[in-house]
Amino acid sequence: MSTATAPGRPPAPGAHLARKKRLFFPFFLPAVALYVLFLLVPTVATVVLGFTDWSGAGDTPEFTGLANYSELIASDAFRYSFLNTLLYIVVGGVGTFLLAFLFTMVLREMRGGKVVRAILFFPNIVAPIALGMFFGIILVYRPNRQGLANYLLESVGIDAVKFLAPENITWVVTGCLIWASSGFYITILMAAVDRIPPYLYEDSDIAGATPWQKFRHVTLPLTWDVVGVAGVLWTISAVKIFELVFVLAGPGTYSPPIRSWTLGVFVFDRSFGDQGAPAYGTACAAAVVMILLVSVLVVALRRLMRRDVIQY
Amino acid sequence: MTTTAPAGKRTPPRKPKPAPTARGLSPLRALGMAVVWLFTALNVLVLYWLVAAAFKTPIEIFTKPFALPRTWFERGQPFRNLLYAWDNAGFGRAFLITVVLVAVASVVIVLLAAPAAYALTRLGVRGSGGLTNLFAIGMGIPFQTVVIPLFIGMAEFDLTNDLFGLFLIYVALSLPFTVFLLTGFFRSLPDELEEAAAIDGASPSRTFFTIMLPLARGGLITALILNAIGLWNETLLSIVFLNENANFTLARALFAFNSAASYQSEYGGLVAGVAIVVLPMLVLYLLLARRIITGLTLGAGK
């Protein structure tokens with residue numbers, strides 16, 4: 001590159017700025033080229049393929065308009081997938097954030113809080129598939145040889161539960177999700193709480209505020225923006241839940257019963273799942289629904305959380 | 001009552017005794033403490049269970065979940081489960097593949113993302129803000145929406161079931177997060193050093209390589225670690241793009257092993273398989289917890 005030694009006197013500041021700007025493209029282009037090629041172009045392709053009927057390699061995509069979408073609406077599998085995904089986002093999200101808020105109330109003035117945070121954070125760097133298999137063994141229901149969860153239940157005299165039965169699996173996955181991801185959101189919120197000047201809490205102590213009042217009138221307003229960003233992060237990650245459900249609800253090789261499906265499972269089943277002929281067109285339409293769902297929820301969340309900036 | 005800053009002078013000694021309700025046992029606080037400790041204890045317990053179960057027989061796993069492993073030790077082959085998983089799932093080869101793939105991909109990702117993040121934050125080019133947002137939006141695209149066209153496209157070039165193909169995809173799909181993370185780091189660097197370098201006659205590219213990159217070292221290392229963790233755990237893409245045992249990554253091998261071993265009720269082996277994937281992350285975490293936590297939560301905390 002042009003690292004030619006400047007002859008004699010140093011170049012004028014304007015010239016330096018121009019040379020700086022010349023650096024932009026060589027620096028920026030490789031990354032953005034890969035980004036466009038591997039993310040943007042495929043996204044557009046998915047949208048286009050969503051309007052076609054295509055069973056994959058060897059077949060030519062045939063334009064069918066909105067047929068895939070009306071097929072999706074009529075399909076039980078898709079309805080379960082959509083509702084389950086929505087349930088994970090909303091119920092899982094509310095559960096995770098309630099837990100995280102409860103923790104911020106307590107952790108702020110607790111000794112050993114840092115250690116607690118580090119322990120709770122760990123599941124976030126475990127592969128979802130490993131988490132799924134692990135929960136699968138913990139939640140086994142087999143009389144006399146119960147998994148850890150039922151072992152604990154029985155040891156306190158409660159009847160064992162068929163956690164992994166199709167009618168329970170959605171709630172079990174929600175629970176696992178909350179358990180595994182709350183550490184991440186606790187950490188984000190606590191980082192924001194730590195930035196709140198302590199005198200605000202001291203003042204409210206003097207005024208005799210209860211923990212709830214301190215949370216409601218100090219913590220929540222001053223961490224509102226971070227809560228908003230965390231909500232967006234949650235939505236983005238909850239939309240694509242796949243491995244956890246796939247290994248927890250089913251036998252692992254092929255798709256689990258449709259009652260437990262998420263949109264991620266649906267797309268996988270219609271494209272790369274091992275059973276039946278692939279239906280790439282339908283899968284692409286479902287993938288478009290995923291991206292629409294993220295966009296709508298993220299925009300709605302930002303609207304909902306918008307308010308004037310608080311200085312402190 | 002909330003935001004009344006300490007009014008005026010500090011004549012009275014601060015730190016008066018807290019009001020009676022604040023300390024002590026408010027019911028909400030007591031409940032909160034109980035939940036926090038219970039939840040934390042459960043996490044530790046579960047981790048212990050995982051490690052212990054990797055050395056147990058299925059009967060021990062299910063009938064004595066908290067006992068220390070015994071049977072395999074008594075039979076003189078304490079590592080039986082780990083060896084079973086290692087041999088039957090092909091973890092030996094998968095481990096090697098994953099280590100190399102993850103290491104090379106993480107380095108390449110950072111090598112590509114660092115100049116891009118620098119260009120977006122430090123070169124004063126108009127439109128940089130919009131382009132940064134474009135990368136940020138990329139973080140919100142679920143992999144499922146790109147995987148079908150990617151698969152078709154890669155098949156055109158014979159890059160499916162191919163580790164180089166997977167490497168390309170890993171690099172490309174990790175860029176949005178990494179670029180976004182690094183723009184934060186570069187933005188926080190002081191202007192003065194860059195200006196000083198310019199006055200001393202250093203060319204812009206030299207300023208980048210000898211001044212700014214070393215300054216952003218902390219950010220680069222964080223980006224490296226976070227990508228390594230993410231790719232180590234990545235499963236969906238490896239399921240789609242790899243279908244031959246000889247090419248399997250660790251997560252992909254675990255996925256295949258899961259169905260085989262649960263069919264045979266080989267629970268000891270299953271837990272051992274999970275442990276083989278999880279324990280390297282645990283070691284990394286014990287060494288680098290603070291860096292991992294702050295790195296991963298940085299985006300949200302501004």
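**View 1. The centres of domain 1 and domain 2 of chain B, taken over C-alpha atoms, are 33 Å apart.** Domain 1 covers 35-78 and domain 2 covers 92-298, with bounds that come from an automatic or database domain assignment. Where they touch, domain 1 of chain B brings 8 residues and domain 2 of chain B brings 8 residues; two residues are in contact if their C-beta atoms, placed from the backbone, lie within 7 Å. On the domain 1 side, helix H1 (27-53) and helix H2 (58-63) of chain B each give two or more residues, and H1(B) gives the most, with 3 residues. Helices here are DSSP runs (H or I, at least four residues), numbered from the N terminus. By class, the domain 1 side holds 6 nonpolar residues, 1 polar and 1 charged. Ala, Val, Leu, Ile, Met, Phe, Trp, Tyr, Cys and Pro count as nonpolar, Asp, Glu, Lys and Arg as charged, and the others, Gly among them, as polar.

A word on reading these views: this is a predicted model, in which local features need pLDDT of at least 70 and side-chain atom pairs count only at pLDDT 80 or more, while totals for chains, interfaces and linings use all residues. Residues are numbered from 1 along each chain as its sequence is written, and chains are lettered from A and ligands numbered from 1 in the order in which they are written.

**View 2. The largest nonpolar core has 180 residues.** Such a core is a set of buried Ala, Val, Leu, Ile, Met, Phe, Trp, Tyr and Cys residues joined through C-beta atoms within 7 Å. A residue is buried if 20 or more other C-beta atoms lie within 10 Å of its own, exposed if 12 or fewer, and partly exposed in between. The residues with the most contacts inside the core are A:Ala130, A:Ala286, B:Ala113, B:Ala116 and B:Val271. Domain 1 and domain 2 of chain B both contribute residues, so the core lies between them. Leaving aside neighbours within four places in sequence, the contacts of B:Ala113 are A:Ala31, B:Leu175, B:Thr178, B:Val179, B:Leu182 and B:Ala223.

**View 3. Helix H3 (residues 67-74) and helix H13 (residues 280-305) of chain A pack at an angle of about 75°, with their axes 9 Å apart.** H3(A) is therefore roughly perpendicular to H13(A), a term for angles of 65 to 115 degrees. From H3(A) come A:Asn68, A:Tyr69, A:Glu71 and A:Leu72, and they meet A:Gly281, A:Thr282, A:Ala285 and A:Ala286 of H13(A). The residues of this contact divide into 4 nonpolar, 3 polar and 1 charged.

**View 4. Helix H7 (residues 148-155) of chain A has buried residues A:Leu148, A:Ala149 and A:Asn150.** The buried residues of H7(A) pack against helix H6 (128-138) of chain A and H1 of chain B. Look just after H7(A) to find A:Gly157, with a positive phi of about 85°.

**View 5. The loop between helix H7 (144-156) and helix H8 (163-187) of chain B includes B:Asp158.** Phi of B:Asp158 is near 60°, a positive value in a residue other than glycine. B:Asp158 is exposed, with 9 other C-beta atoms within 10 Å. The loop between H7 and H8 of chain B also holds B:Asn161, another residue other than glycine with a positive phi, near 50°. B:Asn161 is partly exposed, with 15 other C-beta atoms within 10 Å.

Terms used: Axes are lines fitted to C-alpha atoms, for helices over the stretch in contact, and angles run from 0 to 180 degrees between N-to-C directions. Angles under 35 degrees count as roughly parallel, over 145 as roughly antiparallel, 65 to 115 as roughly perpendicular and the rest as oblique.
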